[in-house]
Amino acid sequence: GILVVNSLVFCLWYIPPMHRFMARYFQSSPGMKGSDVSMLLSCFSHREFWHIGINMFVLWSFMPPFEKILGKDLTVPFFLSAGVFSSLISHYSALMSRDFTPSRGASGAIMGVITTVVIHHPHVGLFFIFFPFVSIPAIWVGQFL
């Protein structure tokens, strides 16, 4: 479900009559009208194809063990909570740096998913796109989270 919603939202950005609506509700920055709901909806929005591609690949890779840890009932609420929390941190960062470039993306929510898996399975081997044949223990990756 989350992968599908992200993909549909990505496609909406390429429909010119939707630009104004998307800019108002599907990207987040302090002081924007609708910023309360945009903190949630921006978690489904991505700028470039590579951005959504990498995020959805990582989400697809981590979602099965994540669902086993939390159960299907808590998967979406956790993802949304992690997304809103990361938007809140992004707002704080924007206020401190005075850079109000609107943010988009599921990266913060996905980081919550990855962190949960790493905490529960620290010795599982992880593979990365740039090193597909090298397994790295999750506990090593967890030190950078």
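Axes here are lines fitted to C-alpha atoms, for helices over the stretch in contact, with angles from 0 to 180 degrees between N-to-C directions. The model in every view is predicted.

**View 1. Helix 5 crosses helix 6.**
The axes of the two helices, helix 5 and helix 6, come within 7 Å. They cross at roughly 125 degrees. Helix 5 and helix 6 are therefore oblique to each other. The crossing of this pair, helix 5 and helix 6, is right-handed. From helix 5, the contact uses Phe-78, Phe-79, Ala-82, Gly-83 and Ser-86. From helix 6, it uses Gly-108, Ala-109, Ile-110, Gly-112, Val-113 and Thr-116. By class, the residues of this contact between helix 5 and helix 6 are 6 nonpolar, 5 polar and no charged.

**View 2. Val-113 in helix 6.**
Val-113 sits in helix 6. Is Val-113 buried or exposed? Its relative accessibility is 1%, so Val-113 counts as buried; the cut-off for buried is under 20%. Setting aside residues up to four places away in sequence, Val-113 touches Leu-59, Phe-62, Phe-66, Phe-78 and Phe-79. Val-113 and Ala-82 are 31 residues apart along the chain. Their C-alpha atoms, those of Val-113 and Ala-82, are separated by 8.2 Å.

**View 3. Helix 4 crosses helix 5.**
Helix 4 covers residues 49-70, and helix 5 covers residues 72-97. Their axes come within 8 Å and cross at roughly 125 degrees. Helix 4 and helix 5 are therefore oblique to each other. Helix 4 passes helix 5 with a right-handed crossing. On the helix 4 side, the contact is made by Leu-59, Met-63, Phe-66, Glu-67 and Leu-70. On the helix 5 side, Lys-72, Leu-74, Thr-75, Phe-78 and Phe-79 take part. The residues of this contact between helix 4 and helix 5 divide into 7 nonpolar, 1 polar and 2 charged.

**View 4. Helix 1 alongside helix 4.**
Helix 1 runs over residues 2-12. The axes of helix 1 and helix 4 come within 10 Å. How are helix 1 and helix 4 oriented to each other? The axes of helix 1 and helix 4 cross at roughly 175 degrees. Angles over 145 degrees count as roughly antiparallel. Helix 1 and helix 4 are therefore roughly antiparallel to each other. Helix 1 brings Ile-2, Leu-3, Asn-6, Ser-7 and Phe-10 to the contact. These meet Phe-49, Ile-52, Met-56, Leu-59, Trp-60 and Met-63 of helix 4. The contact of helix 1 with helix 4 has 9 nonpolar, 2 polar and no charged residues.

A disulfide is a covalent bond between the sulfur atoms of two cysteines. How many disulfides does a search of the whole structure find? It finds 0. Cys-11 is in no disulfide, and the nearest cysteine sulfur, that of Cys-43, is 18 Å away. Seen from Cys-43, the closest cysteine sulfur is in Cys-11, and 18 Å is too far for a bond. The cut-off for a disulfide is a pair of cysteine sulfur atoms within 2.5 Å. Cys-11 has 47% relative accessibility and so counts as partly exposed. Cys-43 has a relative accessible area of 1% and is buried.

**View 5. Ser-38 in helix 3.**
Ser-38 belongs to helix 3, residues 35-41. With 0% relative accessibility, Ser-38 counts as buried. Which residues does Ser-38 touch, not counting residues up to four places away in sequence? Ser-38 touches Arg-24, Tyr-25, Gln-27 and Ser-28.

**View 6. Ala-94 in helix 5.**
Ala-94 is placed in helix 5. At 8% relative accessibility, Ala-94 counts as buried. Beyond its neighbours within four places in sequence, Ala-94 is in contact with Pro-30, Asp-99 and Phe-100. Ala-94 and Ser-29 lie 65 residues apart in sequence. In space, Ala-94 and Ser-29 are 7.5 Å apart, C-alpha to C-alpha.

**View 7. Arg-98 in the loop between helix 5 and helix 6.**
Arg-98 is found in the loop between helix 5 and helix 6, with helix 6 covering 107-120. Phi of Arg-98 is near 60 degrees. This is a positive value in a residue other than glycine, Arg-98. At 69% relative accessibility, Arg-98 counts as exposed.

Definitions and conventions:
Residues are numbered from 1 along each chain as its sequence is written. This is a predicted model: local features need pLDDT of at least 70, side-chain atom pairs count only at pLDDT 80 or more; totals for chains, interfaces and linings use all residues. Side-chain values use heavy atoms; hydrogens and water are left out. Helices (H or I, at least four residues) and strands (E, at least two) are DSSP runs, numbered from the N terminus. Angles under 35 degrees count as roughly parallel, over 145 as roughly antiparallel, 65 to 115 as roughly perpendicular and the rest as oblique. A crossing is left-handed if the near helix is turned anticlockwise from the far one by less than a right angle, and right-handed if clockwise. Contact means heavy atoms within 4.5 Å. Ala, Val, Leu, Ile, Met, Phe, Trp, Tyr, Cys and Pro count as nonpolar, Asp, Glu, Lys and Arg as charged, and the others, Gly among them, as polar. Buried means under 20% relative accessible area, exposed over 50%, partly exposed in between (1.4 Å probe, protein chains only).
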